[in-house]
Amino acid sequence: MSLAYVHALDCAEPHGDAVWDISWTAKDNAVVSISADGIVKRWNSASGQVMRTAPAHTLGLVSLSVSPDGKYALYNSVDGTTFLWDLEAGTIIGKHESFTRPGAEPSWSVSLNPRGSTFAATGGSGNVTIHSAEAETFGEQRTTLQSGRGKFGMRCSHSPDGSRLALSVESGQIFIFDLASGTLTSTYTSHAMAVRSLSWSPDSQLLLSASEDKRLILYDVRTTSSGRPSSGAVASLTGHSSWVLSSDISPDGRLALSGSADKTIKVWDLAARAAVSTIADTGEVWAVSWQPSSVATSSSAFVTGGEDGIVRWWKAAGTS
Amino acid sequence: MFAFSQTIRVTSWPPLTSILGTQAPGRSIDIELGGQEVINIELDTLDSNADDVLEVLKEGQPKVAYWTRLAGEYMRRGYLDAAEKIALSAIESFQSSGSTSSLPSIYSLLASIQLAKARKAPKLKLLNARQDIMTAEKSRDDYMREATQLLNHGDQAAAEGGEISAATKELLLLTRAIHQLANRSMEDALRSFEAARILYTRRQFASALKLFQQVLQLNPYSLPDPRIGIGLCLWALNHKEKAKAAWERSVEVNPSEWSGQLLLGLEALNASKNPELSEDERIQELMIGSKLIERAFNSNQRSASAANALCDIFLRKGQHKRALKLAERTIQFADTLAVLTDGYIPLQAKQAAEGQSKNVLAAIGFAQMQLRNDETAAAIHTLDGLLQPPNPQKSLEATAMLASLRLHPRPGVSSSDAAQERTKARELFDRVYRAIEQSEDATAQNGSPSRNDSSLSRAVVDDVDMHIEFARLLQSENLERTGKVFAEAVRVGEEAGRVDPRLLNNLGVVSHLESRFGEARIMYENALVGASALGAEAEAMSTSVLYNLARVYEDLNDEGKAMEAYEKLLERHPEYVDAKIRRAHILGSMHQGNEAHDLLKDSLASQSSNLNLRAYYTYFLIQFNASKGAREFVFGTLRDHDKHDLYALCAAGWLHYYQARESRDTSSKGVEERRLLFRRSAEFYEKALGLDPLCAVAAQGLAIVTAEDALGTLGGALPPGPAPDETQRRAMNARDALEVFAKVRESTNDGSVHVNMGHCFFARDELDRAIESYETASQRYYGGRNVSVLQCLARSWYVKANKEQSFASMTVALRFTQKALHIQPVDKAIVYNIAMIQQKSAELLFSLPPTKRTLAELQRGIAHATHAQKMFGSLASDPASAVPYDRDLAEERKNTKGSRPREWKARDKGVLQSASAFETLEREREAKLRTEAEALAAARALARQEAQQWSADLVKNESDEEREQRKARKAANRKVKSEAPSGDEGLSTPANGGAGGEPKKKRRKLKKGGAASAAASAQASDAEDGALFSEGEEEKPTKKRGATRKRVAREEDEEPASAPRKKQYISKATISDSDEEMP
């Protein structure tokens, strides 16, 4: 099988530096992108125009997490300053400087809990810290989830149902925590190099990891009624010729997207475990995101951001 | 002389009739017809027309003996066609009558006839003979083949026929023997017949003589005449007179036999050349000889020897045309090498005489003869003569042949001569290719094969072997052309419908080496398919191809497929160490060091003396920071295996260097030790260079040693000797090293050399060029993901920004640093650098004249400064036990109370030492600035006094005013300290006194106000912005205080985050098989 995706749109005003993360939100069909130039932008997917920009941070932004309703965006900078941006009002309602001592290590990757009220962060400590996401107490640390390894946390990501959290570290291990009990439920060691991206399937049953070892690995992360983890790694997707930097599973759970330092975007059929489309880009593809299901019913469009700072929209050939 | 001595070895073979030549006493034969009539056939009066006899035979249906007898008789008389006719009729007749037992003898008879014909047929047909056109004739080989077939038929018939008489069997055997003889299967024939002849051919003259004499005794009228043989033997035994007598007798007995005449003629000719004889006698001899030879030639026009001898005579007489014809005839009929050679010689000689001194055909033929005689040197000489001036010939065939010969190793040729030969061969091949290309161009232009083309032999163009030979010659020097030549060979192969997989493989290797991986992959895959089609014997071939394919997968970044291929290889050949090494390499690159290590140890256990393996293991140990283990291992290699191993030498050089550089021992003993290590490092590199002057790695290593002045004082890190001109020396060292790097760059395909060049440019303060070099390394080799190169880029931009007071450059520096952190977020030294640059860029911005900055920039600068402070706070209080930066410095910076010149944090603690290399330069500058500053100290004090007083005067003025003034003073101070030229400005202020200072201040104030108002007007509506602006104004003084101190010296002593320059030891493993692959 092979699918064709065509380039639909370029953003009107590119970022001044690489786009490091991106998310197609559920509200207003808007896209949020963050960049190494320290700026976060909200885009109109129809025109490619900027709808709103938050005040620039002095340093680059590395991690982005948008609430499922598309109303709030949580993002974090290289130095560990975390912001909560109200996308509707356009105001920063929370700012947390995670590097302030005494405290935890500076945050690198952040993830907003889909159930609201908290966010998770990981970084130098290799653990996950849970913080308040309420405007008044924003950033106050609630709990810590210990991975037991002192490796740098590259990425953390809540499952869409909000019950679990996945953490990946620089040495390639992946940890899954149960948030209710605060316990570590599974550890996967399929990668030996840093995992820069994690993405959950919409039903929270599959997890896809993208690693510097050029592979993507798909895990079955369902838990049995007794709470035991199931089989683990079920597929390895190979084909990229350099680091895989970003990934996303489509809203219908059939397809996966990946962006790589080999300057290509690939679309994978998860059932067939094979690439069904490869698109060449101009530089490293740091970020990919599917159009969410509330806006579109099928996996027909996605958005990417990369080294050249341009946000690009793509759609399946034949769709309008 | 040569003509005789060589010709004498060759005589005509006895006509085959000798075996059939039964001694019929009456010389007549009776054939019964129908039981009553008897027909008597007189054997001596047979004529060439056999029809009558045939009729009689058919009618009479006599026994087989009659048939053969008659046919034999015809044959004996030379009526070969008639004999053949009879024999064929006999076969027909016996086959129809069913008496198969008679057939064998007839078959053998027929075979004899064919052999007799073969004897008269040309052996070789010159396709382009100019005078003696023979193409209509069947060649000797054809007759031989027919004869063989007939004999086999005979055998078959004999086997089928069952009972056959012993005589028939014998007959068969004899015929076969002759056949074998004609075919030169000496050993077989020796057992059967004509032992004497064979003995003669085998140069056992005495025994041959005896046998010939026996024959003569038994049959004085035997034909051929044994006397000829006797004569030959006698001649060979140096009884020349007796030999002559024997031949004379033979001619007497058989006046029609040509061999005797020929021999006598030759003898006479030889005699004519005898200088002892008088002139008359010699002429006489010559006359006799000519006459005899002419006669011999006339009686047997197809005798190569006779033709040869006659040719010689004609040559002497100057009848070139006839000589040419005869020479050509000789060549066509000659059945021994010597005669053939002789044939070519007169051909050449004749042409020399004609003035057309260089005949291609003759020369090539001659050279070929010489080759067959194993006289390679002579052949080369012949061809050389042909192709060289004067009057060089354009013969592709000859050129290609000569090139090939020159390339061919000969015994007793020194290596330098061989190299020279290679060069010459190359030139020759070049010429061939030029000719081919030209003709192709011509073809392309004319649209049809040009006239020129016809002169171009397709045989040469399509000679795959020649292409391969040339490609092999080129492969060490010019890859691109090698590829072209291989491609040509493949094309030829394709045209022929079959391409050698090895050829495809080689073409793949060329593409591979030229980094055209896609093409290489296709070639390898095709080769693999081709090799597997060849079956089991191509196993070795397909193994190598598969290995190459795996390598190209690696280069295409497809480790998965490469891994599969290696595993497949290892399945087939569990001890294929190269595949194991590559597997380990892939594992290692995927951070699976332990697995890789196991594999390598495993390989080492089985092949501990494999130098490739040892080189890779050394590399592996260094990569995984086991430099101590690596050192031991590499010394083991040098000590126990090969003390001239380049890889080990380079590795040893690097390890010594590394150890010395990393050593922290500052005691005098430690310093001495470090010196020693540096020296030894240089020695190792030098040794490697001595072994291979083109070894890029060693050259680069040595250049690094030079650049960092490790043999001197290591840029002051080692207690110096007298080194007043340290700065100058550094610049010079860097220049020297750059020269080397520039050369190394040409030959290595690695980013490290660009990085090193960047370091050198940096040391020479050529920042733009440094940036360019780093960029090349980062983009082309490391995909922008090499953290240390990104850091180097950031550092260069940082220094450039400070030098040029450019905020934009500082922003670029910050960008690169952030990129580095994004790649390697765990590295806190980068975080420190980010904070530093942020702080720096704020300072820089504030120090700029207001015209050179925008409000937005200023705001951003302020934000940077604030943020940097916070980050330094975080860094200073990092709870980790060890941090890759100086906590105190961070603390200091957090408070922005001031700083020391050394602010930049090297990415790696390990490189601090070499950082000091750059410090000297810094110190130098610092010192200079300090003296200047001191010189101005008094003036400055004055200025301060002045200002203080002035401020006292204005103490009642509005606080706003005061703030302005203070600011101005600080600005002045800062300028004095930071830049020598601006010191004048500072100086002038106090000199002008209070009144002089005032306008200055005012100007400043005005400008600031201007900037502010401009900004304010631009954004008048935005109240928030206005507020921000004023806030900025207020904060500025404090910032500047920090800046004032810091600017005393420029921060650029930071060490190149010079990641230990990477060395690649893997190159040797790269397609190492390709050489062996060459077919």
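Helix 32 of chain B passes helix 33 of chain B in a left-handed crossing, a crossing being left-handed if the near helix is turned anticlockwise from the far one by less than a right angle, and right-handed if clockwise. Helices (H or I, at least four residues) and strands (E, at least two) are DSSP runs numbered from the N terminus. This is a predicted model, in which local features need pLDDT of at least 70, side-chain atom pairs count only at pLDDT 80 or more, and totals for chains, interfaces and linings use all residues. Residues are numbered from 1 along each chain as its sequence is written, chains are lettered from A and ligands numbered from 1 in the order in which they are written, and side-chain values use heavy atoms, with hydrogens and water left out.

The axes of helix 32 (residues 593-606) and helix 33 (residues 611-623) of chain B come within 11 Å and cross at roughly 155°. Axes are lines fitted to C-alpha atoms, for helices over the stretch in contact, and angles run from 0 to 180 degrees between N-to-C directions. Helix 32 and helix 33 of chain B are therefore roughly antiparallel (over 145 degrees). Contact (heavy atoms within 4.5 Å) involves G593(B), A596(B), H597(B), L600(B), K601(B), S603(B) and L604(B) from helix 32 of chain B, and L613(B), R614(B), Y616(B), Y617(B), F620(B) and L621(B) from helix 33 of chain B. By class there are eight nonpolar, three polar and two charged residues; Ala, Val, Leu, Ile, Met, Phe, Trp, Tyr, Cys and Pro count as nonpolar, Asp, Glu, Lys and Arg as charged, and the others, Gly among them, as polar.

A second pair is helix 44 (residues 855-876) and helix 45 (residues 887-895) of chain B, with axes that come within 8 Å and cross at roughly 150°. Helix 44 and helix 45 of chain B are therefore roughly antiparallel to each other, and the crossing is left-handed. Helix 44 of chain B contributes Q869(B), F872(B), G873(B), L875(B) and A876(B) to the contact, and helix 45 of chain B contributes R887(B), A890(B), E891(B), R893(B) and K894(B). These divide into four nonpolar, two polar and four charged residues.

Helix 37 (residues 696-707) of chain B has 12 residues. In helix 37 of chain B, 10 of the 12 residues are buried (under 20% relative accessible area, 1.4 Å probe, protein chains only), among them Q700(B), L702(B) and I704(B).

Chain B as a whole has 51 helices and two strands. Of its 1079 residues, 51% are buried.

Conventions:
Expected span 1.5 Å × (residues − 1). Buried < 20%, exposed > 50% of the residue type's maximum accessible area, 1.4 Å probe, protein only. Parallel < 35°, antiparallel > 145°, perpendicular 65-115°, else oblique.
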